Amino acid sequence: MPLVKATEETILAAADALARGDLVAFPTETVYGLGADARNGKAVARIFEVKGRPQFNPLIVHVADLKAARDVAEFPPLAIKLAQKFWPGALTLVLTRNERSGISDLVSAGLDTIALRVPAHPVAQQLLKSSGVPIAAPSANRSGHVSPTRAQHVFNDLMDRPAFILDGGPTEVGLESTVVGFDSNQVYLLRSGGIPRAQIEEVAGVGLIEPPKEGERPVSPGQLLSHYAPHAGLRLDAKDARSGEAYLGFGPQMPAISGINKNLSAAGDLTEAAANLFAALRELDAAGPDMIAVAPIPNEGLGEAINDRLKRAAAPRDG
Ligand code: TXA
Ligand code: MG
């Protein structure tokens, strides 16, 4: 049974497993990650296998601090500024890879850039320090499922495939990190997430812009629609549930619903709603409705990332 409470002892054992090339699922402040030693190509390949994830999706590498990050990538001045302000925390920076990094090419899916993040969660920090390795880690769910915000979600999806699933309780932010990329003095928003756009723009001193599209290929595969999908369909901006639908509400104006329903935040608090989003979707989905109707969510602050995830989950898909 790989699911264990995160303690000094289990974190040390998990760090050994990582250094040996095994996979370890661990909590971060955003969502749980499925980690491998980023320098070990075989271990990284197992992440794709275990997640059932298309190979073209590059992974985020987690490191202990900015100093460790500067060993693996080139930091333009604007990136340093953002790192100093938001690390440790829910911001991922996509930067040019440093060729001496020793990071497996598979991590970047062949791109010459690498996504880096310093997580704030104490269990993630201890794991990084004990193992001494950069940890490549996507969210610890099967591909196409919503990201796990509890250790039990990880176990439900991956069972005993990771050597350890470190239980550090529910994650605080509940949404993946915000991903940004750089080009001269411009900053691209590659994925909205746990740190709202406005906070980043304030520190960067420039607006975040849409990434350029390379032909048909999105610059960040994380922007592919239908990346986060429950089994049920989603009907967005729904003021009420129709017969047979589950309902996901937001705010104090919850309609009277006879069927299965949840409120993301009765107080109408977007931070609380973000933290509840994935667990609420899983819970409603588990009841087996054909459709989950979702209340309108204001598109400000963390609402931008919440609406992005809901749109992906609502996108038509084939299995
Ligand atoms: O909060 C998070 O970011 C979580 C925790 C575990 O840290 N991780 C996570 O990883 O969500 P993942 O693999 O599910 O998402 C990584 C995102 C994807 O949108 C991916 O396309 C983008 O980062 N990404 C990674 N490397 C990139 C690169 N070189 N260029 C552009 N986008 C990249
Ligand atoms: Mg993911």
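Predicted model: local features only at pLDDT ≥ 70, side-chain atom pairs only at ≥ 80, totals over all residues.

Reader: How many helices and strands are in the chain?
Author: Helices (H or I, at least four residues) and strands (E, at least two) are DSSP runs, numbered from the N terminus. Counted that way, the chain has nine helices and 16 strands.

Reader: What is the radius of gyration of the chain?
Author: The radius of gyration is taken over C-alpha atoms, and the globule rule is 2.2 Å times the number of residues to the power 0.38. For 319 residues that rule gives 20 Å, and the chain comes close to this, so it is as compact as a globular protein of that length; its radius of gyration is 19 Å.

Reader: Is Phe-75 buried or exposed?
Author: Buried means under 20% relative accessible area, exposed over 50%, and partly exposed in between (1.4 Å probe, protein chains only). Phe-75 sits in the loop between strand 5 (73-74) and helix 4 (77-86). Its relative accessible area is 11%, so Phe-75 is buried.

Reader: Which residues is Phe-75 in contact with, leaving aside its neighbours within four places in sequence?
Author: Here the definition of contact comes into use. With those neighbours set aside, the partners of Phe-75 are Leu-66, Ala-69, Arg-70, Ile-80, Ala-83, Trp-87, Leu-93, Leu-95 and Leu-116.

Reader: And Asp-285: which residues does it touch, not counting those up to four places away in sequence?
Author: Asp-285 belongs to helix 8. At 11% relative accessibility, Asp-285 counts as buried. Beyond residues up to four places away in sequence, Asp-285 touches Pro-230, His-231, Ala-232 and Ile-292.

Reader: How far apart are the end C-alpha atoms of helix 9?
Author: The expected span of a helix is 1.5 Å times one less than its number of residues. Helix 9 (residues 303-314) has 12 residues and should therefore span 16 Å, which agrees with the distance between its end C-alpha atoms, 16 Å.

Reader: What do the buried residues of helix 9 pack against?
Author: Helix 9 is mostly covered, with nine of its 12 residues buried. Among them are Ile-306, Leu-310 and Ala-313. The buried residues of helix 9 pack against strand 11 (186-191), strand 13 (233-235), helix 8 (270-286) and strand 16 (291-294).

Notes: Residues numbered from 1 in each chain as written. Chains lettered and ligands numbered in written order. Heavy atoms only, no water. Contact = heavy atoms within 4.5 Å.
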